[in-house]
Each structure stands twice: as C-alpha cells, then as structure tokens.
Amino acid sequence: MFDLDKFHEIWQTITRNKTRSILTAFGVFWGMFMFIGMLGIGQGFENGLKKMVNVTTNSMFVMARTTTVEYKGFNAGRWWNMNRDDIELLKKQIPEIKAISGMIWLNNVKAVFKEKNSDVTVLGIDNLYYEIENQNISSGRGISYLDVLERRKVCVLGNEAADELFTPDEDPVGQMIKVGAVYFTIVGTVKSRGQMNLFSKPGTTAYIPSSTAQQLEGNGNSVDMIAIVVPDDVKVNKIEAKVKDVLRAKHLISPEDNNAVMTMNLQDAFLMFHYLFLGIASLIWIVGMGTLLAGVVGISNIMLVTVKERTNEIGIKRALGAKPKVITRQIMMESLLLTFIAGFLGMFFGILVLVLTEKGTEHSEGMFANPTISFTMAIVGTIILVLSGLIAGIIPAKNALKIKAIDALRDE
C-alpha cells in the first residue's frame, strides 16, 4: 500500500538542497531528452524515405541485353527481346510471383485537349502494374484486364498533365485527348504516393494498355521490361535467379551469360537503407545511453554526498533498531524518485518536441516524415529509467549500511 508519509519524507530529503538536486537531475533529464529526440528524428528520416518511394520494395525489374557468350550456334553480341509469352511462362513456372506486368515505353509526346497541351511520357502497362507502383487513383479507374485484352485506346492520365489540360470545373474522365497522333479516352487520373520515381514521373505520364502500346509501336509481342512483385515473406533474390534461368533457357542464352538478362532488385537496395538506419539507431542508442549513464553517475555521486551529510540521522536510526533493509529502501527510493522524475520530464519534453516537429513537417514533401517513437519504445524508456534509478542507489545504499551509531556520535 502506498505510504504518503514515507513519500513526503523522501521528497523532503531530495529537496533539502534544491540547487544541487536540480543540477544533478538535469543530467538524467538531458540524457533522456536527447535519446528520445534522436530516436524520433532517425525514425523520421526512415519514414520520409519510405514515403518518397512510390514503388513496392519487394519487387524487381527485368530487361534484355546483348549476349556475351556463344551458345548453341549463336554468336556473342546477339540481341534478343522479351515478349508476353515470357510473362505467361514466368507466371506458370514461378508460383511465388505475386504480380507481373509488361512495360513498354513510347516516345515523349504532346497531349492535346482543345487549345491546351501538355508534355507527357507514354507508358504501356498491364492491369497488375498498380500492385508494383504505388499510385493513388484520383478519379475514375486504372487500366483493366479487358483494356489490355481488347487493345482499347484508353489512358490513365497523371494529375499534373490533367491540371494543365483541364480547368478545375472540368472532369477529365470520359474526355478524349490526342496523345501524339492517336486519340485516347481518359478513364482515370492518377497521383503518385511518393516523390522518388524510377522510370517516369506519374504526374506527367499517360498510362495506356500494354497491348495497345505494342500495336502502336508495331513491335509485335515484345515488351521493353518486365516488372515483378513477390509476397512480403519471399526473398526477391530467390526469384531473381529463377527468372534468369527461365528466360535464358527459353531464348537459348548460355547459363553462364550473366549479362544477357539484366535485373534490378529493389529489395536489396532497400535492405541497404534498412541496415543504414539500423546502424544509425544503434549509434543513437549508444550516444543516448552514454548521456543517460553520465546523469545516473551524477545522481549516484550526489546520493553519496547526501549519505555522508546524513551520517548522524542514519546512525541514530540504526541505534534505534532500524533494520538494514529499511535504510537500503529509503536510499534506493530517493535515488529512484530523483532519477524517474528527471527522466520522465526528459521523455515528456522529447516527445513534445517530436509532436511539434511532426505538425510542422506534415505537409512537407522532403525526406522527413512522422518523427515519432512507438509506444513500445516509450515503455522501454520507462524501464530504463527505473533500472537506472536503482543502479544509481546501490553504492550509496551500501555506504549507508556501513554507518554505525558510534559514527553518528563522532560526527556530532
């Protein structure tokens, strides 16, 4: 049961020398403040990177390159093309693939609506492409399976291009625009979820069915690139090797030719960033805990001085029959209370600064977003404070137990 009188006695002891207590506790306050602040800022940069990227991290892209090894009568330097048959073959032989899409680039052209025009990049995609590139459909819909199957002349227009071609009162969906020399019906508008784009800027891109792009290019069944995404629990490296083996076997490319099938593994790239931020977090823990430890040492030292000053009081208590655990508990509680109050205030103001920073950057498009710490980290911080307070009181408590009644009389 909570003893209010005992708490009051401990509090009076702590505040007996306010200046010394405040200066000592400031070390713990600053250590926890810096720890929370740096942890939140590090998380903010990691969140900002994720926010900027508009492509699924567990994805890969496949491109054709010239061969470098002679194989089965074919000379080195042979050019080959991927096609839609390759997409179907990969889906059939690699069941781990979650989504796959062909990609076809057309020339950058003018999109025209009445007297207005906008420069756009034309990209042919399949209906599953939206599982690979993170986009927000602002209005209408995306490219559908039937659009690809029937080679429809429809397009999904980027929001920036739509803003240049249409007034705020005009609905782009259903309108017919001229893209290059061909007329397309707009079925939707799209806005990227991030600011980091790999191949084209979604805001100025006109997305059309891949089959329609093939027809316009007159390149038969070929595709420029194949985009693949796998489930979260599957390593892209595992799929990457299989994709290369399947394509090399189908197109009569030497198994030893590592140049002919070029792959871009985004999971590996983002894993590097993950380890980078993990290293930063580890450094933050080392610096934060070091600063906090310095504060704890300061509190331990001040408790040693306090015990020395209270030799008379502690000696008399021992003479009156106070048990060692009573003396130990009092010293430990004083150390714990001082450490916890200072650390809790440091945590509170650290979180307050992070909240204010989040409010100030919530509309920012830079590489910084949501600089907060998790509830778990707050609990861990509280546990660290409690342990730190107990550790700070161990040596002073042992010194207090060495005081005898005779020491009190000698001190008097």
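## Aromatic pairs and cluster

With 36% relative accessibility, Phe-349 counts as partly exposed in this predicted model. The structure holds six aromatic pairs. The pair of Phe-29 and Phe-349 is edge-to-face, with 6.1 Å from centre to centre and 70° between the planes. Because Phe-29 lies in helix α2 (residues 18-52) and Phe-349 in helix α10 (residues 324-361), this pair ties together parts that are 320 residues apart in sequence. Both residues also belong to one aromatic cluster, formed by Phe-29, Trp-30, Phe-33, Phe-348 and Phe-349.

Tyr-129 and Tyr-207 form a pair with ring centres 6.3 Å apart and planes at 40°, so the pair is tilted. Tyr-129 is in the loop between β5 and β6 (135-140), while Tyr-207 is in strand β10 (residues 205-209); the pair therefore ties together parts that are 78 residues apart in sequence. Tyr-129 counts as buried at 3% relative accessibility, and Tyr-207 counts as buried at 0%.

## A charge over a ring

Another contact involves the ring of Phe-74. The charged end of Arg-78 sits over this ring, 4.3 Å from the ring centre.

## Helix α3

Helix α3 covers residues 84-93, and its buried residues are Arg-84, Asp-86, Ile-87 and Leu-90. Seen down the helix axis, the buried residues of α3 fall within an arc of 155°, so they line one face of the helix.

At the start of α3, Asn-83 makes a contact through its side chain: a side-chain oxygen of Asn-83 comes to within 3.0 Å of the backbone nitrogen of Asp-85.

## Positive phi in two loops

Lys-114 is not a glycine, yet its phi is positive, at about 55°. Lys-114 is located in the loop between β4 (109-113) and β5 (116-125). Its relative accessibility is 62%, so Lys-114 counts as exposed; the cut-off for exposed is over 50%.

Leu-252, also not a glycine, has a positive phi of about 55°. The loop that holds Leu-252 runs between α7 (236-250) and β13 (261-265). Leu-252 has a relative accessibility of 33% and therefore counts as partly exposed.

Conventions:
Residues numbered from 1 in each chain as written. Predicted model: local features only at pLDDT ≥ 70, side-chain atom pairs only at ≥ 80, totals over all residues. Heavy atoms only, no water. Helix = DSSP H or I, 4+ residues; strand = E, 2+ residues; numbered from the N terminus. Buried < 20%, exposed > 50% of the residue type's maximum accessible area, 1.4 Å probe, protein only. Arc of directions from axis to C-beta. Polar contact = N/O pair within 3.5 Å; in protein donor to acceptor, adjacent residues only side chain to side chain. Phe/Tyr/Trp six-rings, centres within 6.5 Å; stacked < 30°, edge-to-face > 60°. Lys NZ or Arg CZ within 6 Å of the ring centre and 35° of its normal.
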